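Thank you all for coming. I would like to go through some side-chain contacts with you, so please have the model open.

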Amino acid sequence: MRAFKALSLALTASVALTAALPAQAQEMKDPFREPALESLKGKKIAYLPISIGFDLAQAWGGVVKQQAQVYGMEFSSQDPNWSTDAMAQGFTALLAEKPDVIVTQNPDMQSLARLMKQANSQGIVVVQLNMAGAVQTDAVVAPDFIGMGEQIAQKVVEKCGKGTDTSHKVALVQGVLTGGVSFYQVQGIEKVFKENPEIQLVSSQAADWDASKARAITETVLQQHPDVCAVIDVWDGQGVGTGAAIKQAGLSDKVFFITSGGGAQSMCDMLKDGTFSAVYNYDAVGMGRDAWTAIMVALQNNQGGGAIKTQIYSPYRYMTAADVKDGTCFNAEDYAKILR
């Protein structure tokens with residue numbers, strides 16, 4: 001009898017609990033979702049890279065535009081086509097238009113510094129991509145280029161340094177000397193080489209992001225130093241020319257050529273065909289996601305541009321041909337279509 005009574009009570013409680021669940025479920029809400037969505041809805045994002053015609057900018061902008069559309073935001077873009085003057089003019093025009101967010105890529109340390117500072121003073125959120133300028137804004141989204149430069153140099157020391165049966169000669173192809181990718185990466189490289197004095201840096205020249213200049217520089221270096229052990233190029237888009245010069249000289253098996261970039265399919269292709277010996281891949285699609293995160297954080301804080309300033313260091317990884325699989329790299333054209 002007691003067992004029956006206990007079972008009856010348990011069933012009654014179960015029925016009561018089950019009946020209450022739908023009502024409780026209807027009352028349960030995410031109290032944080034609506035404020036977050038409201039902070040994004042209708043906001044305007046302006047995208048101003050150095051150029052939209054290359055893989056990094058296509059991936060960054062494509063990811064940000066996709067997400068902006070999901071959350072009911074407006075997205076616009078400009079293409080200065082590698083012209084610093086056009087970038088400055090475009091940024092000046094944006095100050096008058098007053099978007100909520102400007103996502104940009106500095107051509108060098110100084111050209112946009114005053115304009116970015118002015119944007120923050122007007123309450124505009126500024127996210128810098130890949131190449132940091134001389135002022136800190138709401139976010140800089142980039143690899144830690146100094147740290148990456150150190151790691152690149154360490155790989156070269158392993159191949160060409162003390163205890164190796166090589167000439168210890170190394171050549172370095174820089175980009176724009178005052179561009180963040182080159183400026184900071186070279187700092188890291190030179191730091192490691194100073195710690196390894198057996199390394200002979202026989203050439204360190206700027207190719208200004210131009211693959212044809214990089215090729216000409218490398219051809220001359222190889223003629224003057226046919227026994228060079230390694231060549232570093234600070235960006236794979238430029239390194240296409242550097243690698244072509246090494247290949248044409250028939251030195252791909254003898255010269256360790258290392259570069260870095262955002263992981264477009266061209267990077268994987270050149271690892272597979274031997275144009276690049278190794279790369280550091282800093283994942284441009286992932287950087288686009290990091291930029292979108294920075295935008296969400298800044299807008300949800302609702303404190304205006306320049307209130308909270310952060311350095312968001314995007315991850316990177318070392319790769320050789322052995323690491324290339326289907327899907328390892330991204331198709332830049334997929335993201336270019338989004339921006340059209």
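This is a predicted model: local features need pLDDT of at least 70, side-chain atom pairs count only at pLDDT 80 or more; totals for chains, interfaces and linings use all residues.

Is Trp 209 buried or exposed? At 13% relative accessibility Trp 209 counts as buried, where buried means under 20% relative accessible area, exposed over 50% and partly exposed in between, with a 1.4 Å probe and protein chains only. Residues are numbered from 1 along each chain as its sequence is written, and side-chain values use heavy atoms, with hydrogens and water left out.

A search of the whole structure gives twelve aromatic pairs, meaning rings of Phe, Tyr and Trp (its six-membered ring) with centres within 6.5 Å, where planes under 30 degrees apart count as stacked, over 60 as edge-to-face and the rest as tilted. In one of them, the ring centres of Trp 209 and Trp 235 are 5.9 Å apart and the planes stand at 90 degrees, so this pair is edge-to-face.

Tyr 280 and Tyr 318 make a tilted pair, because their planes are at 55 degrees, with the ring centres 5.3 Å apart. Tyr 280 is buried at 3%, whereas Tyr 318 is partly exposed at 26%. Over the face of Tyr 318 lies Lys 155, at 4.1 Å from the ring centre; the criterion is NZ of Lys or CZ of Arg within 6 Å of the ring centre and within 35 degrees of the ring normal.

Let me turn to the cysteines. Two disulfides are counted, a disulfide being a pair of cysteine sulfur atoms within 2.5 Å. Cys 160 and Cys 229 form one, with their sulfur atoms 2.0 Å apart, and the torsion about its S-S bond is about -85 degrees, so that disulfide is left-handed. Both partners are buried, Cys 160 at 0% and Cys 229 at 8%.

Cys 268 and Cys 329 form the other, with sulfur atoms 2.0 Å apart, and this link, with 75 degrees about the S-S bond, is right-handed. Here again Cys 268 is buried, at 1%, as is Cys 329, at 9%. With bonded cysteines counted along the chain, the pattern is 1-2, 3-4.
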